[in-house]
Amino acid sequence: MAMTAMDIYKNLPKTNCKDCGFPTCLAFAMQVAAKQKALIDCPHLSDEAKDAFSDSSTPPMKLVHIGPEGDSGFEIGQETVMFRHEEKFHNHPVLAVKIAVALSDDEAKARSEGINKAVFTRVGEEIAVGMAAVEIEGLSADAAAARAKSLCETSRVPLVLMGCDPVTMGAAVGAVADKKPLIYRATPDNSEAMIKVAAENKCPLAAGAESLEKLADITQAAKGGGVEDLVLVFDGHQTARAVRDITSARRAALKKNFRPLGFPAMVDVACDDPATETVLATAFVAKYAGIIVINGLDGSELIPILTAVQNIYTDPQVPNTVEAKLCEVGDVNEDSPLLFTTNFALTYFSVEGEVERSKVPCYISVVDTEGLGVLNAYAGDKISAEMVVKTLEAQGAAEKVKHRRLVIPGLLPTFRAEIEDTSVWKEVIIGPENATGIPKFLAETWK
Ligand code: SF4
């Protein structure tokens with residue numbers, strides 16, 4: 001049975017020393033109960049408490065670190081729920097773009113540079129390819145080591161080295177062991193040797209097998225061989241089976257506390273058709289993959305997948321908001337248009353993006369609607385003409401511009417009369433209903 005925060009708290013030293021990073025022992029206990037921290041993170045735990053909670057206090061899915069410590073590495077795993085609405089998903093999946101073994105050294109470098117540049121901004125956040133999947137299958141040990149070393153030197157992202165020959169893998173991993181690449185992959189046929197390579201180089205290991213039972217055997221053997229950072233590999237091209245097996249493994253770990261399958265998952269969906277790859281990758285974003293290998297490096301493929309990651313790996317209980325303030329877009333002056341919108345991040349960044357596209361510098365007053373978009377805020381009484389007037393006053397908008405014209409969202413035309421009657425904004429102009437209409441509106445209406 002799952003421990004409650006009070007069960008855990010009873011066994012803590014109760015000194016509130018903060019050495020665990022939390023202000024009180026109770027706060028720490030709540031994190032352990034939520035499976036976000038391990039009991040072992042309290043350095044003052046008595047041996048009796050450690051014994052009592054050794055198994056049940058560690059998260060059922062291991063947090064696995066891949067790549068160098070610090071900003072250039074990443075963590076996956078430590079998920080706690082089957083469904084996002086139960087709590088949230090914690091560590092977002094990483095896209096790994098393949099560098100094929102058939103490429104020449106120069107072509108491989110060019111591809112690596114392309115991966116380095118695959119960084120985009122959406123709703124104010126950076127979204128990017130997070131890994132390079134370097135194939136070494138079929139190369140000699142020396143050639144594999146040379147390729148791994150050369151790509152590692154210039155790569156912005158950690159590598160997963162892909163091959164099944166332990167000798168070649170040993171040489172490639174040995175050349176870049178300090179960068180902690182992911183070793184892909186141990187199978188029932190090579191697991192003994194691959195576990196040795198991972199243990200000797202202290203690198204994480206991906207393992208795959210034709211059944212969950214055999215996969216569990218490999219992870220148990222890896223643990224026995226000193227490799228704790230493991231990733232479970234599923235065949236992304238057999239989509240239905242992979243979804244079934246990933247789901248079963250996650251359920252076994254989270255619901256039954258079955259430790260041999262308590263690791264993040266990885267799928268390879270790389271194929272020649274970008275549309276198929278996009279669909280498959282997006283499906284596995286929703287269905288539990290921690291790493292997704294693809295071929296595509298074009299924004300038209302990457303952005304939809306990364307957008308799915310961004311949407312699913314947010315906290316559904318916390319509105320995605322921006323600060324309610326007067327924002328300046330472009331080189332504004334006292335004649336610049338003044339618009340208002342809500343503090344729902346997607347709404348704000350849509351408006352900001354379209355204003356930028358219009359090339360007309362503008363002030364945007366952001367009204368606090370508790371993270372709701374325009375219509376939802378209106379329907380839920382989170383925005384009114386009075387609130388808009390008060391917000392503009394509090395933000396000092398009238399001191400920033402000398403005109404008294406205000407552009408309001410086209411979805412709120414009823415605000416016009418009240419704002420004109422009750423504020424200094426004597427000319428209220430009804431703007432477009434959608435942000436996409438802003439450039440045309442500013443070009444034609446704002447003189
Ligand atoms: S380190 Fe241990 S004793 Fe100190 S506050 Fe955290 S839980 Fe309490």
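Which elements do the buried residues of α9 pack against? In this predicted model, where local features need pLDDT of at least 70, side-chain atom pairs count only at pLDDT 80 or more, while totals for chains, interfaces and linings use all residues. Residues are numbered from 1 along each chain as its sequence is written. The buried residues of α9 pack against α8 (212-224), β10 (230-234), β11 and β12.

The protein has 17 helices and 17 strands, taken as DSSP runs (H or I of at least four residues for helices, E of at least two for strands) and numbered from the N terminus. Its C-alpha trace spans about 80 × 60 × 40 Å along the principal axes. Of the 447 residues, 41% are buried; a buried residue has 20 or more other C-beta atoms within 10 Å of its own, an exposed one 12 or fewer, and a partly exposed one a number in between, with C-beta atoms placed from the backbone. Two residues are in contact if their C-beta atoms, again placed from the backbone, lie within 7 Å. Among contacts between residues at least 6 apart in sequence, 63% join residues at least 24 apart.

Helix α9 itself can now be described. Its 18 residues should span 26 Å at 1.5 Å a residue, and the end C-alpha atoms are 25 Å apart, which agrees; the expected span is 1.5 Å times one less than the number of residues. Buried in α9 are Ala242, Asp245, Ile246, Ala249, Arg250 and Ala253. Seen down the helix axis, these buried residues fall within an arc of 125°, so they line one face of α9; the arc is that of the directions from the helix axis to the C-beta atoms. An α-helix has 3.6 residues a turn, so residues three or four places apart point the same way. On the face of α9 turned away from the buried side sit the exposed residues Ala240, Arg241, Ser248, Lys255 and Lys256. Just after the helix, Asn257 takes a positive phi of about 55°.

Helix α10 (residues 274-286) is a partner of α9, as its buried residues pack against α9 (239-256), β11 (265-268), β12 (289-294) and α11 (299-312). The buried set in α10 consists of Glu277, Thr278, Leu280, Ala281, Phe284 and Val285. With 13 residues, α10 reaches 18 Å from its first C-alpha to its last, close to the 18 Å expected at 1.5 Å a residue. Tyr288, which follows α10, has a positive phi near 80°.

Two further helix pairs were examined, with axes fitted as lines to C-alpha atoms over the stretch in contact and angles running from 0 to 180 degrees between N-to-C directions. Helices α4 (residues 105-117) and α5 (residues 141-154) have axes that come within 10 Å and cross at roughly 30°. They are therefore roughly parallel to each other; angles under 35 degrees count as roughly parallel, over 145 as roughly antiparallel, 65 to 115 as roughly perpendicular and the rest as oblique. The contact is made by Asp105, Ala108, Lys109 and Ser112 of α4 with Arg147, Ser150, Leu151 and Thr154 of α5. Helices α12 (residues 345-358) and α17 (residues 438-445) pack at an angle of about 50°, with axes 8 Å apart, which makes α12 oblique to α17.
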